[in-house]
Amino acid sequence: MNSQSVADDLLYFEDLDPDAIWTFGEETLTREAIVDFAQQYDPQPFHVDDEAAERSMFGELVASGLHTYCVCNGMATRAFFQEVAFLCGRGLDDFRWHRPVYPGDTLSGWVELGEMRVSESTPERGYVDVHITGVNQHDETVISWTALALVARRED
């Protein structure tokens with residue numbers, strides 16, 4: 001694969017600063033958005049029914065962890081993955097939900113880089129461990145994971 005065919009204005013493997021931090025924007029989860037998402041993808045009672053949620057361990061309606069992931073992943077994609085010569089993901093590691101997300105919570109976060117190495121079998125790409133952290137408006141971590149990415153290298 002010709003790595004230059006990805007796009008000339010993106011950051012390639014060699015351009016990535018392992019000490020850089022990419023922050024992403026904010027998104028507030030409304031009750032309506034939480035219920036709508038959960039009805040379609042995770043219809044647990046504590047995600048869709050206020051009375052059931054009050055009787056749950058959460059004491060009130062909470063967002064699906066999948067919803068939290070999708071929101072934070074979307075923001076991380078816009079802040080980082082769309083700026084990089086990202087080829088594909090190889091999986092996720094260390095995926096954790098740290099605390100519930102409630103209606104009205106505002107999520108934001110950042111991307112940091114971990115291990116980076118050139119592929120031995122396909123040297124025109126590199127492996128990059130991308131650490132993603134999502135926080136609420138109180139700067140409390142609500143979600144974190146490591147995306148295992150393949151990133152194109154520049155041609156010599």
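**Exercise 1. Locate Glu-54 in the secondary structure and classify its exposure.**

Solution. Glu-54 lies in helix 3, which spans residues 50–55, where helices are DSSP runs of H or I with at least four residues, strands are E runs of at least two, and both are numbered from the N terminus. The model is predicted, so that local features need pLDDT of at least 70 and side-chain atom pairs count only at pLDDT 80 or more, while totals for chains, interfaces and linings use all residues. Residues are numbered from 1 along each chain as its sequence is written, and side-chain values use heavy atoms, with hydrogens and water left out. Glu-54 counts as exposed because its relative accessibility is 56%, given that exposed means over 50% relative accessible area, buried under 20%, and partly exposed in between (1.4 Å probe, protein chains only).

**Exercise 2. Describe the order of secondary structure elements in the protein chain.**

Solution. Begin with the inventory, which comes to 4 helices and 5 strands. Then read along the sequence, where these elements follow the pattern β-α-α-α-α-β-β-β-β.
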